[in-house]
Amino acid sequence: MSNHNLVFKHFESTKKLNSGMVMKLIHRAIEFKNLDRSLLPQYPGHFVCNVFLENSTRTHLSFEMAEKKLGMPVIAFDAKTSSLSKGETLLDTLITLESLGVDTVVVRTREENYFEPLMKSPHLNLSIINGGDGASQHPTQCMLDLMTIYEKFQRFIGLKIAIVGDLSHSRVAHSNAEILSRLGAELFFSGPEEWYDETFDHFGSYLPMDELIGEVDVLMLLRVQLERHDQPDSFEAETYHRLYGLNIERASRMQDHAIIMHPAPVNRGVEIADELVMSEKSVIAEQMKNGVFMRMSIIEAVMNGK
């Protein structure tokens with residue numbers, strides 16, 4: 001199966017994807033994963049720039065690897081040495097990049113929904129792929145998570161999935177909760193109640209960690225995002241791990257077929273015990289691997305819109 005008939009001008013949110021689009025992206029990503037490099041589509045005439053205004057390892061390098069596998073010339077960009085540090089707006093930066101010949105940008109920023117005014121601007125015609133916006137959305141991480149779950153279970157309907165941790169500050173949680181609910185999964189949430197956002201009530205139920213651990217097929221842990229907290233100094237890693245983290249004892253109560261997920265970076269000994277990060281149930285490394293192929297699938301659909 002190919003996603004050759006998927007055509008995106010931008011890829012800013014999973015909310016605009018129906019189930020058919022989701023499955024086409026997943027199947028194409030799996031096809032890329034198993035395809036010989038000599039058979040990959042190539043886009044040598046399409047220049048891309050990764051405009052990351054937040055620190056990133058996985059997402060940034062994953063996009064760059066995906067772009068290079070697809071033969072795209074990647075224009076280097078460093079926010080700290082760019083004119084953004086002089087007060088230039090993101091819009092003017094993107095106008096500059098487009099004027100120089102860039103036709104696709106991947107943007108990550110602390111600002112939520114940054115892409116709305118950019119997509120509406122009459123001065124921009126390039127394509128925008130959302131690499132994460134504030135605590136709002138992370139659509140490509142969401143899609144690689146869906147790919148990883150589908151590879152394991154071959155379905156979403158009826159799966160019991162728990163998303164645990166720093167819910168209110170997590171763009172991963174917001175993106176995954178919305179689309180997994182639409183795809184037919186049964187969702188549960190856990191973690192500190194003060195970090196629980198009532199908007200999650202639309203998608204599932206809050207349960208204490210010890211009540212859900214033996215019931216779920218997928219345990220999706222979230223990084224504690226202290227950089228988004230008002231009082232990060234009050235956080236105690238040991239207390240969090242004891243109350244909400246995945247320790248050895250809790251992991252022993254998981255179902256045999258259940259998997260452990262985490263978008264990373266992982267705070268070892270906080271969200272998850274060190275020994276469990278690369279354990280048999282963990283698919284954390286597989287998520288990272290799948291990120292390259294899912295982003296290739298998304299980029300191909302954007303190239304189809306050129």
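Visitor: Which residues does Gln287 touch, not counting residues up to four places away in sequence?

Guide: Before I answer, note that this is a predicted model, in which local features need pLDDT of at least 70, side-chain atom pairs count only at pLDDT 80 or more, and totals for chains, interfaces and linings use all residues. Residues are numbered from 1 along each chain as its sequence is written, and side-chain values use heavy atoms, with hydrogens and water left out. With contact meaning heavy atoms within 4.5 Å, Gln287 touches Gln141, Leu144, Asp145, Thr148, Met261, His262 and Pro263.

Visitor: Where does Gln287 lie, and is Gln287 buried or exposed?

Guide: Gln287 lies in helix 10, residues 284-304, where helices (H or I, at least four residues) and strands (E, at least two) are DSSP runs numbered from the N terminus. Gln287 has a relative accessible area of 3%, so it counts as buried, the classes being buried under 20%, exposed over 50% and partly exposed in between, with a 1.4 Å probe and protein chains only.

Visitor: At what angle do helix 2 and helix 10 pack?

Guide: Helix 2, residues 58-69, packs against helix 10 at an angle of about 55°, with the axes 8 Å apart; axes are lines fitted to C-alpha atoms, for helices over the stretch in contact, and angles run from 0 to 180 degrees between N-to-C directions. Helix 2 and helix 10 are therefore oblique to each other, since angles under 35 degrees count as roughly parallel, over 145 as roughly antiparallel, 65 to 115 as roughly perpendicular and the rest as oblique.

Visitor: Left-handed or right-handed, that crossing of helix 2 and helix 10?

Guide: The crossing of helix 2 and helix 10 is right-handed, in the sense that the near helix is turned clockwise from the far one by less than a right angle, anticlockwise being left-handed. The residues of this contact divide into seven nonpolar, three polar and four charged, where Ala, Val, Leu, Ile, Met, Phe, Trp, Tyr, Cys and Pro count as nonpolar, Asp, Glu, Lys and Arg as charged, and the others, Gly among them, as polar.

Visitor: Changing topic, how far apart are Ala29 and Val292?

Guide: Ala29 and Val292 are 263 residues apart in sequence and 8.6 Å apart in space, C-alpha to C-alpha. Ala29 lies in helix 1, residues 19-34, and is buried, with a relative accessible area of 0%. Leaving out residues up to four places away in sequence, Ala29 touches Met147, Phe293, Met294 and Ser297.

Visitor: And how do helix 1 and helix 10 cross?

Guide: Their axes come within 8 Å and cross at roughly 115°, so helix 1 and helix 10 are roughly perpendicular to each other, and the crossing is right-handed. By class, the contact of helix 1 with helix 10 has eight nonpolar, two polar and five charged residues.

Visitor: What about helix 5 and helix 6, at what angle do the axes cross?

Guide: The axes of helix 5 (residues 139-153) and helix 6 (residues 171-182) come within 9 Å and cross at roughly 55°, which makes helix 5 oblique to helix 6. Among the residues making the contact are Cys142 and Asp145 of helix 5 and Ser175 and Asn176 of helix 6.

Visitor: Last one: how many disulfides are there?

Guide: Taking a disulfide as a pair of cysteine sulfur atoms within 2.5 Å, the count comes to zero. Cys142 is buried, with a relative accessible area of 0%, and Cys49 is buried, with a relative accessible area of 0%.
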